[in-house]
Amino acid sequence: MKRTTFAKTACAALAAALASAGCAPSNGGGDAGENPLADSVAAAAEAARFKPPEGGAGELHVYTWSDYFAPDVIETFEKELGCKVVIDTFDSNEAMYAKLKAGGTGYDIITPSSYQIALMAKEGMIRELDQDRIAAVKANFDTSFESQILDPSFRYSVPYAVTYTGFAYLKDKIPEGADVNSWSILGCEALKGKITLLDDIREVLGAGLLATGHDVNATDPAAIEEAVQQVLKWKPNVRKFDSESYKTEVASKATYVGQGYSTDVMQVIVGDEEAGVEPRDDVGFALPKEGFSVAFDEMVLASDAKNAGLAYAFMNYIYQGAVAKANMEYIGGPNPVKPGIDALDEDYREQIVLPAELLPKAKLLKALDDAAMDLYNKAWDRIKATGGTK
Amino acid sequence: MKRSYFSVAVLALVVAFLYVPIVLVFVYAFVPNGITMSFHKANGEFIGFTGRWYAQIFRGDYALKDLMQSFWLSLKVAGLATLVSCVLGTTAALALHRWRGRLQSIHHALVYTPLIMPDILIGISLLMLFVACRVDCGFWTILIAHVTFCVSYVVMTILARLQDFDDRLIEAAYDLGAGPWYTFFKVELPLLMPGIVAGGLLAFTLSIDDVVITSFVNGAGTNTFPTYVNSMVKHSKNLPSVFALSTLMLIFTCVLVGLSKLITGGQQQQKKGKTK
């Protein structure tokens with residue numbers, strides 16, 4: 001039972017988060033051993049910055065992806081601080097951006113993917129972070145993730161969770177000689193009609209670009225053309241473009257290889273003991289050796305956040321070891337939180353955290369300007385329009 | 001007589017298209033594996049059904065806190081929107097029925113437009129209005145938006161009812177010495193009640209499943225049930241809970257409709273008995 005002891009450790013972590021956010025932990029100092037770094041570095045830096053007002057700390061509005069924070073993590077935060085965490089969910093960066101752009105207000109913390117953040121900063125939707133108030137974040141950030149985030153100085157954002165794009169595959173259906181750790185698997189004749197690609201312009205064109213040896217964010221028309229040709233070569237094998245049901249289909253053996261997100265696939269592989277979902281040893285997740293895309297979701301502070309103090313406390317809280325561990329087990333992907341990663345079961349850590357030798361292969365998706373996006377859109381239209389499998 | 005297989009086939013297809021999806025929702029509310037949405041193990045072995053998702057709802061599971069919150073919010077919005085639009089709708093319909101003129105035809109057109117205006121236009125224009133007035137989007141803006149489109153439906157239903165309304169009944173009431181208020185509450189309102197109830201039911205159903213307009217005018221922390229479900233469909237592993245909750249809603253609605261049929265049916269029986 002991994003989660004039964006969670007409440008206890010989370011309390012300890014919370015006390016540390018509070019200390020780092022500048023308020024006195026209610027249950028004494030017995031937790032000093034839990035997060036000595038956060039305790040010592042943060043407590044001093046953040047003293048007097050956030051004190052929960054008398055009678056509770058109010059409401060914290062979080063705008064995020066669904067199922068993105070472990071429920072007991074949120075519950076503990078609410079209880080200990082006497083606050084209310086209200087979570088609203090979006091299903092794409094574009095939907096979130098449109099909502100804010102149209103005048104959506106009232107959120108404190110938002111978790112867009114990193115490539116969206118620069119745009120949001122430019123539009124004045126988010127504010128610069130007060131570097132003094134994210135001490136625990138700085139203290140616990142796992143520097144091995146530095147190459148995967150756009151802004152290691154945390155000017156506007158604090159990274160929360162990372163997703164890699166690779167293949168969900170059925171181990172016994174991969175034909176002899178085919179290499180699932182390569183984009184070339186998509187061209188494998190034997191898998192005709194058993195492959196799905198994501199219904200995502202950046203991921204599919206990114207696959208084409210990486211397979212042809214280009215940068216995943218290439219804007220050169222010649223490179224994009226090569227990528228299109230590559231994808232069109234794969235297309236006869238591809239059953240459909242789909243971002244939602246591929247994990248179900250791989251699990252039910254309707255699809256043998258599905259381009260997909262590591263967090264989604266990990267949930268299928270690991271299962272959920274509590275929910276009675278058995279682990280699936282026959283499903284694997286593979287990352288192409290030519291390179292693969294990475295998307296980091298990061299916490300940002302809305303420019304009209306009403307409860308910034310509580311938001312900073314929340315960010316520091318997410319960076320506590322026990323909290324990060326619980327969240328990682330819940331979402332099936334790594335948080336860049338050193339103590340949290342160290343606390344994971346070794347097997348699980350191996351499954352979700354990228355080994356050091358693969359790090360250079362992880363290519364971060366970056367925001368494209370309008371001209372480049374225009375090229376991408378045209379390429380995407382061609383890919384979609386050209387006849388595939390019947 | 002020869003039975004036409006064609007018409008039977010058409011009937012079967014129509015029934016299938018209408019009801020198979022609902023049956024699927026009902027069945028998948030019992031799915032044991034919320035991640036893969038499968039009743040089978042990896043080796044094809046049948047696992048069986050689970051009542052876990054229903055249990056989660058009735059237990060008030062923390063993971064479903066936001067879902068349940070959105071559900072209650074939806075009920076609250078729909079209830080209030082129905083009430084407000086029934087009152088406004090009745091007065092508007094009476095005014096439209098009683099007085100005719102150029103202004104009234106404009107009034108009629110104004111009330112009628114939301115019926116044919118695309119939801120997305122209503123949503124975005126309301127949002128622009130709220131932003132221009134610097135109103136923070138939230139419960140009240142959702143309520144206002146819902147009343148805006150519900151009122152039209154209520155007015156139209158009541159107007160239909162008013163078409164075969166016998167105006168001599170009002171004259172008779174006046175003749176017998178009743179004042180305008182007394183006439184309204186004792187004669188007109190009871191006669192219009194079936195129309196108002198029908199309009200109200202329509203308003204309630206429209207309000208409770210509106211996604212497009214609500215997604216424009218809701219604010220932080222005010223997700224209604226449909227908008228919340230809409231945002232969790234792609235990622236959430238608690239999806240079967242939504243199926244379970246939807247099934248419960250369906251049963252609740254069926255009971256409600258059944259009851260109203262029973263009541264109105266009973267009334268009609270009584271009426272028939274009286275006229276004989």
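Modeller: Two residues are taken to be in contact if their C-beta atoms, placed from the backbone, lie within 7 Å. The model is a predicted one. On that basis, 28 residues of chain B are in contact with 33 residues of chain A. Two or more residues on the side of chain B that touches chain A come from each of helix H5 (119-132) and helix H10 (225-232) of chain B. Sorted by class, this side of chain B has twelve nonpolar, eleven polar and five charged residues.

Six of its eight residues are buried, so H10(B) is largely enclosed by the rest of the structure. The buried residues in H10(B) are B:Phe225, B:Thr227, B:Tyr228, B:Val229, B:Ser231 and B:Met232.

Next, a helix pair in chain B. Helix H6 (residues 139-163) and helix H8 (residues 180-208) of chain B have axes that come within 8 Å and cross at roughly 150°. That angle makes H6(B) roughly antiparallel to H8(B), angles over 145 degrees being counted that way. The crossing of the two helices, H6(B) and H8(B), is right-handed. From H6(B), the residues that meet H8(B) include B:His146, B:Phe149, B:Cys150, B:Tyr153 and B:Arg161. On the H8(B) side, the residues that meet H6(B) include B:Leu192, B:Pro194, B:Gly195, B:Gly199, B:Gly200 and B:Leu206. By class, the contact of H6(B) with H8(B) has 13 nonpolar residues, six polar and one charged.

Methods
Residues numbered from 1 in each chain as written. Chains lettered and ligands numbered in written order. Predicted model: local features only at pLDDT ≥ 70, side-chain atom pairs only at ≥ 80, totals over all residues. Helix = DSSP H or I, 4+ residues; strand = E, 2+ residues; numbered from the N terminus. Nonpolar A, V, L, I, M, F, W, Y, C, P; charged D, E, K, R; others polar. Buried ≥ 20, exposed ≤ 12 C-beta atoms within 10 Å, placed from the backbone. Axes fitted to C-alpha atoms, helices over the stretch in contact; angles between N-to-C directions. Parallel < 35°, antiparallel > 145°, perpendicular 65-115°, else oblique. Left-handed = near helix turned anticlockwise from the far one by under 90°.
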